[in-house]
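Here is a briefing on one structure.

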Amino acid sequence: MHILVTGGTGYIGSHTCVALQQAGHSVVVADNLSNSKKETIDQIKKITGSRPGFYKIDCTRETAVDRVFSEHHFDGVIHFAGLKAVGESVEKPLKYYYNNTLSTMMLIDACRRYDVKRFVFSSSATVYGENRAPLVETMPLLPATNPYGETKAISERILSDCAAVNPGWSVALLRYFNPVGAHESALIGEAPSGIPNNLMPYVTKVARGKLKKLSIFGNDYPTADGTGVRDYVHVCDLAEGHVAALNKLTRGVHIYNLGTGRGTSVLELVRAFEEATGVKIKYQVAPRRQGDVAECYADASKAKKEMGWQAKRGLAEMCLSAWQFEKNYGQ
Ligand code: NAD
Ligand code: UD1
């Protein structure tokens, strides 16, 4: 298949380009480079031997999106392009609603005009709000605690409503849990600018001595060791989930959790990192972070049953690959 990957120079998008090419698909990337670098295209070529097409465009711009569609005949779109900083979305809600929902609408409209019938969307477990884990696709969505989460819930609704009036369409709404790790080549990975907000990139920066110590946000949650529990999933497993979705998609709208189905606490992750890399992580316990839930992990059985997808890589591989990428490319 010939696939448009928006946000394809970003963290999850770049790993998915690799997985798509390695599965025999051809890839065109559209990214405005607001949170990534064009050199990622070279890195993808180094891994797969094949250079994806690239357009530096903003997916909220109708004419730019139209140009890309007019120059290709796509079999499907995977829409990763979006802003994802939860804290910034609280401070600048309009920036998030504008970018994330308008880009989705522009792409849906282009698919309608150019008769592209497969659409895979990057959603997030954040749409479950305060539902209790294990989280199942059939649960009613609860309001997200921030505008970022709302943009995902709204985009899911827009896609569902549009698919309902375009009967030939196949749409996958993929709800990611906590993607971590990097490609085994250590050529692509997660490279956040500034001080990371998320746990794994923070841990790798502490390991490298770039940050003094990790603050563990709360040790009084109702969990086995009192620290927050999440479902960490290797980014390469996640990438393969997109290939499975493209291959197995049938008509209609299908929602899939992409997670391992296993919860890991902050302390467990720190210990797994230390064991996998041999590097000690200094930490202190700090107050809870506003908006955090105690536990968030997937019921991952639907993706396995319907798409034959299941996460294969364990915590040690997630930690080691994240560490290798940080040593190679961390700033
Ligand atoms: P990322 O920031 O690394 O990648 C997103 C890419 O989209 C970037 O390269 C950025 O330059 C590009 N982009 C943003 N707005 C654009 C626009 N208007 N036009 C063109 N390009 C644009 O983030 P990621 O971690 O790879 O996330 C990919 C998608 O998955 C996002 O939609 C994100 O919300 C979603 N998601 C991520 C996580 C996570 O933990 N990383 C979890 C759940 C969902
Ligand atoms: C966060 C976002 C979520 C988003 C996801 C994707 C919030 C509230 N949630 O999820 O909407 O979809 O990222 O990237 O921001 N932790 C520490 N110390 C740290 C960092 C994190 O103890 O320095 C803890 C957190 O309290 C949590 C766990 O580590 O228990 C994971 O945190 P994080 O990596 O930020 O992911 P989420 O909060 O699950």
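Ala239 counts as buried because its relative accessibility is 1%; buried means under 20% relative accessible area, exposed over 50%, partly exposed in between (1.4 Å probe, protein chains only). This is a predicted model: local features need pLDDT of at least 70, side-chain atom pairs count only at pLDDT 80 or more, and totals for chains, interfaces and linings use all residues. Residues are numbered from 1 along each chain as its sequence is written, chains are lettered from A and ligands numbered from 1 in the order in which they are written, and side-chain values use heavy atoms, leaving out hydrogens and water.

**Ala239**
- Ala239 lies in helix H8, residues 235-248; helices (H or I, at least four residues) and strands (E, at least two) are DSSP runs, numbered from the N terminus.
- Leaving aside neighbours within four places in sequence, Ala239 is in contact (heavy atoms within 4.5 Å) with His15, Thr16 and Ala19.
- Ala239 and Ile281 are 42 residues apart in sequence and 28 Å apart in space, C-alpha to C-alpha.

**Ligand 1**
- The shell holds 26 residues, and the closest are Asp31, Asn35, Ser36, Lys84 and Asn99; a shell residue has a heavy atom within 4 Å of the ligand.
- A backbone N or O atom of Ser34 lies 3.0 Å from a ligand 1 oxygen.
- A polar side-chain atom of Tyr148 lies 2.8 Å from an oxygen atom of ligand 1.
- Taken alone, ligand 1 exposes 820 Å², and the protein buries 95% of that (Shrake-Rupley method, 1.4 Å probe).
- E5 gives the largest share of the shell around ligand 1, three residues.
- By class, this shell has 10 nonpolar, 12 polar and four charged residues; Ala, Val, Leu, Ile, Met, Phe, Trp, Tyr, Cys and Pro count as nonpolar, Asp, Glu, Lys and Arg as charged, and the others, Gly among them, as polar.

**Ligand 2**
- Ligand 2 is surrounded by 18 residues; the closest are Leu199, Ser215, Arg230, Arg289 and Asp292.
- A side-chain N or O atom of Asp292 is 2.6 Å from an oxygen atom of ligand 2.
- Taken alone, ligand 2 exposes 750 Å², of which the protein buries 87%.
- E8 gives the most to the shell around ligand 2, with four residues.

**Helix H9**
- H9 has 12 residues (266-277) and should span 16 Å at 1.5 Å a residue; its end C-alpha atoms are 17 Å apart, which agrees. The expected span is 1.5 Å times one less than the number of residues.
- Among the buried residues of H9 are Leu267, Val270 and Phe273.
- Gly278 follows H9, and its phi is positive, near 75°.

Note on methods:
Polar contact = N/O pair within 3.5 Å; in protein donor to acceptor, adjacent residues only side chain to side chain.
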